[in-house]
Amino acid sequence: MMEFDHLIKENGPVRGVKVEGEKAEVDLSSDIDMNCSPIVREVLMELMLKQIPEIGIRLDNVSYMDSSGLATLVEALQKVKKYNGRLVLYNPQKRVQSVFEIAKLNQIFDIRKT
Amino acid sequence: VSELTIIAPSESVNICVVRCAVETYACRHGFSREEADQIGLAVNEAMANVIKHGYGGECDQRIHVTFSLIDSSSGAAKGLKVVIRDFGRQVDPECIRSRNLDDVRPGGLGVHLIRSVMDEVGYRQHDEGGMELTMIKYPTMA
């Protein structure tokens, strides 16, 4: 989608953003750490502003996530819940899944395999 | 002989460089991939905290990260010790605590992650200024 093109950079954390009707899909990659989380946050906050009812975040290609990445996703989840939307995380790699488990956020997020 | 020190400028882009180095060091010294990932996560979180809280986001400061092998109390296994030294703002070590995870909110998870994945964690105010964090992890399969 054109309005997010400026945030999609080669080797950056956001590989793509698709918005179709009431659904959005954000495809993330690489490391979501202190360095990259602000870019992810910017994309998610734009989607939240549009109050898109269902937001899916693909984590298939995310090899690493730290607490700044977790914080970005928690903030997004809270904002989506405020307008009664839904946020789903898809296919976290084992290493990323374990960070969610250590922070006990696997009980908070809707995490699915496709 | 096995001690290794990296002096990193306090920019977030350097965190992954040091993280990858400590993970490689851990794997080379008998830690499993999963354990090495955990040590890397702890180093990542500790450096991020130094940059954010110790240096208030200033990128022209230094962070010294030293890895070494130590004997466990039983002497059965070699533990990996990581010391992270900064020269920033000093805080009371008693105030550096994990937060309650039932309070779901962004931020404040770094110390929890560090304490969850490492076997020993100790903060101290350095006599010459700044803080020093010492973290130790022992391999599960000795």
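This is a predicted model: local features need pLDDT of at least 70, side-chain atom pairs count only at pLDDT 80 or more; totals for chains, interfaces and linings use all residues.
Helix H1 of chain A spans residues 37-49. The helix has 13 residues and reaches 18 Å from its first C-alpha to its last, close to the 18 Å expected at 1.5 Å a residue. Its buried residues are Ser37(A), Val40(A), Val43(A), Leu44(A), Met45(A), Leu47(A) and Met48(A). An α-helix has 3.6 residues a turn, so residues three or four places apart point the same way. The cover over the buried residues of H1(A) comes from several elements of chain A. Among them are the strands S1 (14-20), S2 (23-32), S3 (54-65) and S4 (86-90). Helix H2 (67-82) of chain A also contributes. Just after H1(A), Gln51(A) adopts a positive phi of about 50 degrees.

Beyond its neighbours within four places in sequence, Met48(A) contacts Ile55(A), Ala76(A), Lys79(A), Val80(A), Tyr83(A) and Leu87(A). Met48(A) and Leu77(A) are separated by 29 residues in sequence and by 9.5 Å in space, C-alpha to C-alpha. Glu46(A) is also found in helix H1 of chain A. With a relative accessible area of 21%, Glu46(A) is partly exposed, because the cut-off for buried is under 20%. Glu46(A) and Phe4(A) are 42 residues apart in sequence, and their C-alpha atoms are 8.7 Å apart in space.

Another glutamate, Glu75(A), sits in helix H2 of chain A. Glu75(A) has a relative accessible area of 17% and is buried. Its contacts, leaving aside neighbours within four places in sequence, are Arg41(A), Met45(A) and Pro106(B).

Helix H3 of chain A covers residues 94-102. Val96(A), Gln97(A), Val99(A), Phe100(A) and Ile102(A) are buried in H3(A). From chain A, the cover includes S3, H2, S4 and strand S5 (110-112). From chain B, the cover includes H2 and H3.

A search of the whole structure gives two aromatic pairs over all chains. Phe100(A) and Phe109(A) form an edge-to-face pair, at 5.6 Å centre to centre and with 90 degrees between the planes. Both phenylalanines, Phe100(A) and Phe109(A), are buried.

In chain B, five strands form an open sheet in the order S1-S2-S3-S5-S4, with antiparallel pairing. Strand S1 (4-9) and S4 of chain B stand at the edges with a single partner strand each, so one side of each has no neighbour in the sheet. On average, neighbouring strands of this sheet are turned by 15 degrees against each other, direction ignored.

Strand S4 (residues 120-125) and strand S5 (residues 131-137) of chain B run antiparallel and are joined by six bridges. Gln125(B) has Met131(B) as its bridge partner in S5(B). S4(B) and S5(B) form a hairpin with five residues between them. In the turn, Gly129(B) has a positive phi of about 100 degrees. S5(B) also pairs with strand S3 (residues 78-86) of chain B, in the antiparallel sense and over six bridges. Here Val83(B) stands opposite Thr134(B) in S5(B).

Helices lie across this sheet. Helix H2 (residues 33-54) of chain B lies across S1, strand S2 (62-71), S3 and S5 of chain B. H2(B) runs at about 15 degrees to S3(B). Helix H3 (residues 110-117) of chain B lies across S4 and S5 of chain B and runs at about 130 degrees to S4(B).

The largest nonpolar core has 73 residues. The residues with the most contacts inside this core are Leu47(A), Ile57(A), Phe100(A), Val82(B), Ile84(B) and Met135(B). H2(B) supplies the largest share of the core, ten residues. Ile57(A) touches Val26(A), Leu28(A), Leu44(A), Leu73(A), Leu87(A), Val88(A), Leu89(A) and Tyr90(A), not counting residues up to four places away in sequence. In soluble globular proteins, nonpolar side chains tend to be buried together.

Note on methods
Residues are numbered from 1 along each chain as its sequence is written. Chains are lettered from A and ligands numbered from 1 in the order in which they are written. Side-chain values use heavy atoms; hydrogens and water are left out. Helices (H or I, at least four residues) and strands (E, at least two) are DSSP runs, numbered from the N terminus. The expected span of a helix is 1.5 Å times one less than its number of residues. Buried means under 20% relative accessible area, exposed over 50%, partly exposed in between (1.4 Å probe, protein chains only). Contact means heavy atoms within 4.5 Å. Two strands pair if DSSP finds at least two bridges between them. Axes are lines fitted to C-alpha atoms, for helices over the stretch in contact, and angles run from 0 to 180 degrees between N-to-C directions. A nonpolar core is a set of buried Ala, Val, Leu, Ile, Met, Phe, Trp, Tyr and Cys residues joined through side-chain atoms within 4.5 Å. Rings of Phe, Tyr and Trp (its six-membered ring) pair if their centres lie within 6.5 Å; planes under 30 degrees apart count as stacked, over 60 as edge-to-face and the rest as tilted.
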